[in-house]
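Look at the charged side chains here. Which of them pair up, and where do the partners sit?

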Amino acid sequence: MLPDHLDYNLKILFIGFNPGLQSEEVGHHYANPTNRFFAVLNEAGLTDRKLSPEEDHRLLEYGYGLTNIVDRPTRGASDLTIEDYVQGRKHLLNKIKMYMPLVNCYVGKGVYQKLSGIKKVDWGFQPINQVEGVRDFVAPSTSGLVRMSLKELTEIYRQLKLDKKI
């Protein structure tokens, strides 16, 4: 199982769908070479350099954590079941309540939709937070399958850097 990177006093907890097969195989988050997660964080000014997937644990040094709504690795999020989400939602909410990051950043609209049950979601900070005292932010998935440019992704993630409450 791909390990979470969690700690208390996190500025941002990045929450993905679930580990991809390649991430599970190598033991690091966002390990697929087509995934732009670490490039986006760097371009958005959230890290001072582009980290590699093997350095995913170093995000804790920046005050950032990593987890997923579902722990089970699959080829794609479409392979997840309703039961995966029911169980994953419980576990994720427990993690959030335990660690109480300042912000949950959902890496993909679908992640937030599966957790919240809210269908209409815009990018950025959400009007309804899932855990009191933790702000919810929805960002696009950084998967290579997403047809947004690095610049478009970066502009959305940069809102996390510019927010003075983080």
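A salt bridge, as used here, is a side-chain nitrogen of Lys or Arg within 4 Å of a carboxyl oxygen of Asp or Glu. K120 and D122 form one, with their closest N and O atoms 3.1 Å apart. Their pairing counts because 3.1 Å falls within the 4 Å limit. K120 is exposed, at 66% relative accessibility. D122 is partly exposed, at 47%. Keep in mind that this is a predicted model.

Why can such pairs form? Opposite charges on side chains can pair when the charged atoms come close. Across the whole structure, a search finds eight salt bridges.

Turn next to R58. This residue bridges to E61, and the closest N and O atoms lie 2.9 Å apart. R58 is partly exposed, with 26% relative accessibility. E61 is exposed, at 56%. The pair also belongs to a network: salt bridges link R49, E55, R58 and E61.

Now take K95 and D71. Their side chains meet in a salt bridge, 3.8 Å from N to O. What does this pair tie together? K95 lies in helix α3, residues 82-99, while D71 lies in the loop between β2 (64-68) and α3, so the bridge joins parts 24 residues apart in sequence. Is K95 buried or exposed? K95 is buried, with a relative accessible area of 15%.

Methods: Residues numbered from 1 in each chain as written. Predicted model: local features only at pLDDT ≥ 70, side-chain atom pairs only at ≥ 80, totals over all residues. Heavy atoms only, no water. Buried < 20%, exposed > 50% of the residue type's maximum accessible area, 1.4 Å probe, protein only. Helix = DSSP H or I, 4+ residues; strand = E, 2+ residues; numbered from the N terminus.
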